[in-house]
Amino acid sequence: PESAFTVQAVLVRRSPQEPFGIAYCLTAQRVVVVKVQDGGPCARYNHDVWFLGGPLRSMQVRPGDEVRIVNGQTDAARIKRELLSCTVVHLQVYRSP
């Protein structure tokens, strides 16, 4: 059986207007990935990780992953603000088994 683990990713937008390509559900406590949208920085990261092959493919950002930290921010509202305003984000996502 799989165990829970975290994924660390750095996403870089080509311009401040480009979305990161992560559709998410925001609650008071959590930010959960709903979809990785084609063509954005998150999809590019996933593409690069896929081509590394083997077990590293599990390091892709996937629907159901919980975004726990973005640029050092852990509060859901601050995570959203980072995703909307920063050109580069350092993500830590948690995946439950």
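Strand 4 (residues 66-70) and strand 5 pair in the antiparallel sense over four bridges, where strands pair if DSSP finds at least two bridges between them. Within this pairing, Val 70 has Leu 91 of strand 5 as its bridge partner. The structure is a predicted model, in which local features need pLDDT of at least 70 and side-chain atom pairs count only at pLDDT 80 or more, while totals for chains, interfaces and linings use all residues. Residues are numbered from 1 along each chain as its sequence is written, and side-chain values use heavy atoms, with hydrogens and water left out.

## Overall architecture

The protein has two helices and five strands; helices (H or I, at least four residues) and strands (E, at least two) are DSSP runs, numbered from the N terminus. Along the sequence these elements follow the pattern β-β-β-α-β-α-β. The radius of gyration of the protein is 13 Å, close to the 13 Å that the globule rule gives for 97 residues, so the protein is as compact as a globular protein of that length. That radius is taken over C-alpha atoms, and the globule rule is 2.2 Å times the number of residues to the power 0.38. Taken along the principal axes, the box filled by the C-alpha atoms is roughly 35 × 30 × 20 Å.

Of the 97 residues, 36% count as buried; buried means under 20% relative accessible area, exposed over 50%, and partly exposed in between (1.4 Å probe, protein chains only). Among contacts with a separation of 6 or more, residues 24 or more positions apart account for 58%, contact meaning heavy atoms within 4.5 Å. The protein exposes about 5800 Å², of which carbon and sulfur atoms supply 56%; accessible areas come from the Shrake-Rupley method with a 1.4 Å probe, and for residues only the protein chains shown count as cover.

The mean positions of the 12 positive and 8 negative charges are 2 Å apart. Lys and Arg count as positive and Asp and Glu as negative, whereas His and the chain ends are not counted. Each charge is placed at NZ of Lys, CZ of Arg, CG of Asp or CD of Glu.

## Strand pairing

Strand 5 also pairs with strand 1 (residues 5-12), in the antiparallel sense and over eight bridges. In this pairing Gln 8 stands opposite Gln 92. In a regular strand the side chains alternate between the two faces of the sheet. Strand 5 (residues 88-95) has a covered face made of Val 89, Leu 91, Val 93 and Arg 95, while its uncovered face carries Val 88, His 90, Gln 92 and Tyr 94.

Strand 2 (residues 22-26) and strand 3 (residues 31-36) are likewise antiparallel, with five bridges. They form a hairpin with four residues between them, and Leu 26 has Val 31 of strand 3 as its bridge partner.

## Individual residues

Glu 66 lies in strand 4 and counts as buried at 13% relative accessibility. Leaving aside neighbours within four places in sequence, Glu 66 is in contact with Arg 30, Val 31, Val 32, Gln 92, Val 93 and Tyr 94.

Asn 71 is found in the loop between strand 4 and helix 2 (76-85). Most residues other than glycine have a negative phi. Asn 71, although not a glycine, has a positive phi of about 50 degrees, and this residue is partly exposed, with a relative accessible area of 24%.

Two further loop residues may be set side by side. Gly 53, in the loop between helix 1 (41-52) and strand 4, is buried with a relative accessible area of 14%. Asp 38, in the loop between strand 3 and helix 1, counts as exposed at 78% relative accessibility. In helix 2, Leu 84 is exposed as well, with a relative accessible area of 58%.

| Pair | Separation in sequence | C-alpha to C-alpha distance |
|---|---|---|
| Gly 53 and Leu 83 | 30 residues | 28 Å |
| Asp 38 and Cys 86 | 48 residues | 20 Å |
| Leu 84 and Phe 20 | 64 residues | 8.4 Å |
| Glu 66 and Thr 6 | 60 residues | 9.2 Å |
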